[in-house]
Amino acid sequence: MDIPRSLSRAARNAVETSALLRDAPRPTTQKKAQLRRYEVSTLMKNGDVVQTRHIAPALPMFEDAFCAFTRGSLVETEFGPMAIEDLLPGDTVLTQNGTSETVLWKGSVTLIPGREDFRGRTRPLTRIMADTFGMQKPMSGVIAGPAARLLGTPTHLRHLHGDDQVLTPIHEFQDGMSVIETLPPTPIELFHICLKRHAVIRVDGLQFESYHPGVNAIRMVSQSLKSIYLNLFAHIDTLNDFGPLALPRAGDGEMDAITA
């Protein structure tokens with residue numbers, strides 16, 4: 001029996017990732033990066049939904065593709081709210097401009113936010129109390145992952161962005177009262193989704209972005225790491241396939257430009 005092309009490609013990606021991890025140069029003066037298991041579901045061009053498991057470095061450029069929404073987060077679809085863990089590639093979600101967009105990719109990872117990585121960093125979550133940003137915004141308490149970006153500008157960044165609509169890292173909204181940092185000591189499952197084009201989606205009554213690596217995401221990493229990263233996304237061939245950013249993004253002291 002012939003193996004479907006989509007399954008064959010996914011298997012090839014997994015093999016290539018393993019080979020690249022073996023062949024990647026290992027600096028002798030630095031601690032070796034931790035590895036993490038990433039779960040991926042992808043809608044292929046022929047309509048198949050392919051599920052793959054990847055072992056890749058526990059680096060921000062990889063984790064940010066998975067660490068936006070916690071289990072139980074409710075994503076608005078054309079059929080009503082759906083828990084992020086139940087959303088599958090092929091389902092459609094509602095965007096900020098009222099259109100429906102098909103989910104092409106969903107990733108998940110399990111991590112312990114309070115555990116330090118090889119560089120001594122943690123990956124804290126952000127708890128948002130009900131009605132923090134207005135009535136039913138969010139409708140109930142929400143816990144967002146470290147990679148989540150919210151449409152809005154916190155007070156301390158308004159001198160940079162004014163009244164422009166900007167996608168801002170969720171931790172920038174922490175105020176110690178209604179938006180607080182949390183570091184659970186137990187494993188947490190986190191998710192992210194990728195659409196055909198970058199968009200603002202509604203999750204738990206708030207406006208978050210779908211996944212996009214950003215315009216400067218992996219310009220400064222080795223070719224081996226770029227290949228491992230791209231192997232996570234069986235529905236694309238190059239970074240250009242992610243398309244342009246829907247809105248500007250704030251973070252790390254710079255503004256990501258919208259690419260044409």
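Residues are numbered from 1 along each chain as its sequence is written, and side-chain values use heavy atoms, with hydrogens and water left out. Because the model is predicted, local features need pLDDT of at least 70 and side-chain atom pairs count only at pLDDT 80 or more, whereas totals for chains, interfaces and linings use all residues.

Rings of Phe, Tyr and Trp (its six-membered ring) pair if their centres lie within 6.5 Å, and planes under 30 degrees apart count as stacked, over 60 as edge-to-face and the rest as tilted; the count comes to 11 aromatic pairs. One of them joins W105 and F233, whose ring centres are 4.7 Å apart with planes at 35 degrees, so the pair is tilted. W105 lies in strand β7 (residues 100-111) and F233 in the loop between α4 (223-230) and β16 (249-251), so parts 128 residues apart in sequence are tied together; helices (H or I, at least four residues) and strands (E, at least two) are DSSP runs, numbered from the N terminus. Both W105 and F233 are buried, where buried means under 20% relative accessible area, exposed over 50% and partly exposed in between (1.4 Å probe, protein chains only). Ring pairs link W105 and F233 into a cluster with Y38, F62, F66, Y211, Y229 and F242.

By the rule that a disulfide is a pair of cysteine sulfur atoms within 2.5 Å, the count is 0 disulfides. C67 is buried at 0% relative accessible area, and C194 is buried at 2%.

Most residues other than glycine have a negative phi. D131, however, has a positive phi of about 65 degrees and lies in the loop between β8 (125-128) and β9 (142-144), where D131 is partly exposed at 38% relative accessibility.
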